[in-house]
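Hi,

Here is the structure I promised to pass along. Have a look at it first, and then read on for what turned up.

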Amino acid sequence: MTDALHHTPFGSPSAAMPRVEHTPAGIRIRGLRSSSPQTQTIAEQCAAALETGTAILARDDLSLKDVTRVVYIIEGAADFPSCFPLLRQVFSNFSPSLTFMWVKSMTPAGVKIELELCVEAEPV
């Protein structure tokens, strides 16, 4: 079952908004990005994406501590180290598995990073 967080006026999921998937395997939140990337550094965009992800997780009584996997989709690797202080602060006491994807370009222009957060369901 997919629970789209935002819809366009015509009812189809908006590509620029996070998408939440509830499955038997857990929860996957895709498309986490800043709402105003044109004026932000990659670190600021990362912080905005994590803030949005935190709010979405809270709807299911979860937090970033419940995240088991993070996917970072970045346009260029050169500026990504500026995110390290924030990521060390957020993920200092737990270590979700990480996947990095470097892409040639992101849409719209100005987006430098997008996140995906995954929470595995508790075994029954």
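This is a predicted model: local features need pLDDT of at least 70, side-chain atom pairs count only at pLDDT 80 or more; totals for chains, interfaces and linings use all residues.

On the inside, 37% of the protein's 124 residues count as buried.

**Overall layout**

There are two helices and six strands in the protein.

**Strand β6**

This is the part I'd look at on screen. Strand β6 covers residues 113-120, and seven of its eight residues are buried, so the rest of the structure largely encloses it. For that count, a residue is buried when its relative accessible area is under 20%.

Which strands pair with β6? One is β3 (residues 26-32), which runs antiparallel to β6 and is joined to it over five bridges. In that pairing, Gly 26 has Glu 120 of β6 as its bridge partner. Another is β4 (residues 69-74), also antiparallel to β6, over six bridges. Here Ile 74 is bridged to Ile 113 of β6.

If you want to check the β6 pairings by eye, the Gly 26 and Glu 120 bridge and the Ile 74 and Ile 113 bridge are handy places to begin. While you're there, remember that side chains in a regular strand alternate between the two faces of the sheet.

Cheers

Notes. Residues are numbered from 1 along each chain as its sequence is written. Side-chain values use heavy atoms; hydrogens and water are left out. Buried means under 20% relative accessible area, exposed over 50%, partly exposed in between (1.4 Å probe, protein chains only). Helices (H or I, at least four residues) and strands (E, at least two) are DSSP runs, numbered from the N terminus. Two strands pair if DSSP finds at least two bridges between them.
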